[in-house]
Amino acid sequence: IYNFNPGPATLPLPTLEEAREALVNYKGSGMSILEISHRSALFEEVLQSAIARVKRLLGLDDRYVVLFMQGGASLQFALVPMNLASDAAPVDYVDTGTWSTKAIKEARILGKNVRVVASSEDKEFTYIPENIPINTDAAYLHITSNNTIRGTQYRSFPYAGSVPLVSDMSSDIFSRVFDPAPFGLIYAGAQKNVGPAGVTLVIVRKDMLERTPANLPTMLKYTTHAEKNSLYNTPPCFAIYMVDLMLKWLEEDIGGLAKMEAINREKAALLYDYMDSQDFYRGTARPDSRSWMNVTFRLPSADLEKKFIDEAQKAGLGGLKGHRSVGGCRASIYNAMPIQGVRALVEFMKDFATRNG
Ligand code: PLP
């Protein structure tokens, strides 16, 4: 089955096959990868390898620290303002829908001086705002690089000068090449392009760590996890192992980020070009803001959408239902979705339109 679910998403088959072996007997240790100690040399190797792959793939220099944390991207909504902003400093956010709205909410709960400097709420979050104002007094500018539910994505990032950019990249990290230099912190729940749910990738520039207040609980401080190399407490070892395997696939089988980006562009173009060529399906995102990861679209009626999703499922194309908050349809085409899956979807869409148009 081709799995178009928005997450947990498809994992590459070679990754799953290697993990199957490791589940029974990891590297001839006579133990499962689930059983080895997080303090053992075997796990240390996994952790170092995963960190090195993140750094190589994203071109991160020694100014950046790679952390594996728990609590999902949702916990980062709170940890970012807790760690990076003093109570007096304003924090700037761009609101591009559900996930950024939730990040804003957490910063407000913490009593931070939140400024929503740009928003696309006026048009139901169907676009990425342009000319985002940069305020030099902000502790950071927070954006959501890809909006999983609305199907929008930044084509280029706001240039924030001396203000560090912070981005939730949960649904598009490792999908394309970008310059990490303007980013003070990047976080991503793993379960789309990085690995299984249960681990959250946090990339933090070392100078940002100096901001962590002393009076935060130990587990909520980025400094704790940075100082202990993500081993302050028991990490999600299996999930980190899967991240290493997934990034190995990206480096060795795909050939790196530029190659991955070319494939992702091609996959997205197949769908969008087809949608632009006819009237039955209607993309919901403004063309200049379209996501290469989550392709959102409507059919002429809710009844036809239901029929489309059901028939697609029977044809081996799963998970095409839009998020329950917005309805419609959504094809999530993360890194591990092969181009053959997208071709099969376009063929199915054509056939369905002919039969129901
Ligand atoms: N941010 C984005 C962009 C997401 O797509 C999601 C989940 O889909 C989240 C945050 C929430 O992530 P988590 O479930 O890891 O807390």
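1. Let's start at the ligand. Around the ligand sit Gly-7, Gly-72, Ala-73, Ser-74, Trp-99, Thr-144, Thr-148, Asp-168, Ser-170, Ser-171 and Gly-189; a residue is near a molecule if its C-beta atom, placed from the backbone, lies within 6 Å of it. By class, this shell holds two nonpolar, eight polar and one charged residue. Here Ala, Val, Leu, Ile, Met, Phe, Trp, Tyr, Cys and Pro count as nonpolar, Asp, Glu, Lys and Arg as charged, and the others, Gly among them, as polar.

2. A word on what you are looking at. This is a predicted model, in which local features need pLDDT of at least 70 and side-chain atom pairs count only at pLDDT 80 or more, while totals for chains, interfaces and linings use all residues. Residues are numbered from 1 along each chain as its sequence is written.

3. Helix 3 gives the ligand shell its largest share, three residues. Trp-99, also around the ligand, lies in helix 4. Helices (H or I, at least four residues) and strands (E, at least two) are DSSP runs, numbered from the N terminus.

4. These helices also meet one another. Helix 3 (residues 72-84) and helix 4 (residues 98-109) pack at about 45°, with axes 8 Å apart; axes are lines fitted to C-alpha atoms over the stretch in contact, and angles run from 0 to 180 degrees between N-to-C directions. The two helices are therefore oblique to each other, as angles under 35 degrees count as roughly parallel, over 145 as roughly antiparallel, 65 to 115 as roughly perpendicular and the rest as oblique.

5. On the helix 3 side of the contact are Ser-74, Phe-77, Ala-78 and Pro-81, which meet Lys-102, Ala-103, Glu-106 and Ala-107 in helix 4; contact means C-beta atoms, placed from the backbone, within 7 Å. Five nonpolar, one polar and two charged residues make up this contact.

6. Now the record. An unreviewed UniProt entry annotates a "binding site" covering Ala-73, Ser-74, Trp-99, Thr-148, Asp-168, Gln-191, Asn-233 and Thr-234. These positions spread over 162 residues of sequence and, in space, up to 30.8 Å between C-alpha atoms. UniProt positions follow the numbering used here, feature names are shortened, and annotations may be inferred rather than shown by experiment.

7. Two backbone details deserve a look. A cis peptide bond, with omega about -5°, joins Gly-7 and Pro-8; Pro-8 is in the loop between strand 1 (2-3) and helix 1 (13-24). Glu-124, in the loop between strand 4 (113-119) and strand 5 (141-144), has a positive phi near 50°. Most residues other than glycine have a negative phi, and most peptide bonds are trans.

Notes: Contact = placed C-beta atoms within 7 Å.
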